[in-house]
Amino acid sequence: MSFTGPSVSGGRTVKRAFEFGRTYVVRPKGKHQATVVWLHGLGDNGSSWSQLLETLPLPNIKWICPTAPTQPISIFGGFPSTAWFDVGELSEDAPDDVEGLDASAAHVANLLSTEPADIKLGVGGFSMGAAIALYSATCFALGKYENGNLYPSNLSAVVGLSGWLPCAKTLGNKLERVEEAARRIASLPILLCHGRGDDVVPFKFGEKSSKALTSAGFRDLMFKEYDGLGHYTIPEEMDEVCSWLTSKLALEGCSS
């Protein structure tokens, strides 16, 4: 369930430098109870989502909206774009760009690392941003990134809109080998939303991601489907995100 392949030159994988763009922050309008890093899709930046998130009736959430590195993208024939990792042809059998996934998940964890201890932490995103959010959920469950480095953030909620789960095929086997994974999985709620009319990340990718996570042990998972919805978001979907976050993060309530 991936779009991607690593950068390879002369049969060797080349180590890439990741320079992340500008980060936009939406301060809580009420008492600060939670911080959520929200990740944009391919070719976008943190600004557009920060403007939308600022309008949501969630006064107790601080939103952090980073911008992905600009890097050559295989699906664009090597033309550079903002992306959390490299993406090629849409295929369930394509290799995952683990180096890019790890770098972006580590960037998210770093953004959360300076939050106060009593603040609940979450990650959400749209499209490939949702892929990083779900990848972060698996890193949290495993307690480490794919490269073996320890995963430091204690996540309390994960949201993925119109996205997919990277490294889905090997997840179950990896989790079985980690003693603490079952406890972490049980404590982490996940919301997935996907439009049946999505012509960029087809609905089946969201559906299969939901099933992969559930079979891996993520029991507190909600999968919402939207008839006629393409590769974008609508107020009805964001209303669902608001009520779900308010419930799962035990926020003091939405303002009207």
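Visitor: Where does N154 lie?

Guide: N154 lies in the loop between helix 3 (128–142) and strand 9; helices (H or I, at least four residues) and strands (E, at least two) are DSSP runs, numbered from the N terminus. The model is a predicted one, in which local features need a pLDDT of at least 70 and side-chain atom pairs count only at pLDDT 80 or more, while totals for chains, interfaces and linings use all residues. Residues are numbered from 1 along each chain as its sequence is written, and side-chain values use heavy atoms, with hydrogens and water left out.

With a relative accessible area of 52%, N154 is exposed; the term exposed applies over 50%, buried applies under 20%, and partly exposed covers the range in between (1.4 Å probe, protein chains only). Apart from residues up to four places away in sequence, N154 touches L121 and F140, a contact being heavy atoms within 4.5 Å. From C-alpha to C-alpha, N154 and L142 are 12 Å apart in space, and 12 residues separate them in sequence.

At the other end of helix 3, the loop between strand 8 (120–126) and helix 3 holds S127. This residue is not a glycine, yet S127 has a positive phi of about 60°. Most residues other than glycine have a negative phi. S127 is buried, since its relative accessible area is 7%. C167 likewise is not a glycine and has a positive phi, of about 55°. The loop between strand 9 and helix 4 (171–176) is where C167 is found, and at 11% relative accessibility C167 counts as buried.

Strand 9 leads on to helix 7. The buried residues of helix 7 pack against strand 9 (155–161), as well as helix 1 (46–53), strand 5 (61–65), strand 10 (190–195) and strand 11 (221–226). Those buried residues are E237, M238, E240, V241, C242, W244, L245 and T246. Just after helix 7, A250 takes a positive phi of about 50°.

Charged pairs also involve this region. Side chains of opposite charge can pair when their charged atoms come close. A salt bridge here is a side-chain nitrogen of Lys or Arg within 4 Å of a carboxyl oxygen of Asp or Glu, and by this rule the count comes to 8 salt bridges. One of them joins E240 to K224, with the closest N and O atoms 3.6 Å apart. Since E240 lies in helix 7 and K224 in strand 11, the pair ties together parts that are 16 residues apart in sequence. E240 is buried, with a relative accessible area of 18%, whereas K224, at 28% relative accessibility, counts as partly exposed.

Another salt bridge joins the side chains of R196 and D227 (3.7 Å, N to O). This pair links distant parts of the chain, 31 residues apart: R196 is in the loop between strand 10 and helix 6 (203–215), and D227 is in the loop between strand 11 and helix 7. R196 counts as partly exposed at 42% relative accessibility, and D227 counts as exposed at 67%. E225 joins R196 and D227 in a network of salt bridges. A further salt bridge brings together the side chains of R183 and E180 (2.7 Å, N to O). R183, at 53% relative accessibility, counts as exposed, while E180, at 36%, counts as partly exposed.

Elsewhere in the model, I75 is found in the loop between strand 6 (70–72) and strand 7 (80–82). At 38% relative accessibility, I75 counts as partly exposed.

The protein averages a pLDDT of 91, and 92% of the residues score at least 70; pLDDT is the predictor's confidence in each residue, from 0 to 100. Over residues 1–12, however, the pLDDT is below 50, although this stretch has 46 contacts in the model beyond near neighbours in sequence. Where pLDDT is low, the predicted coordinates should not be read in detail.
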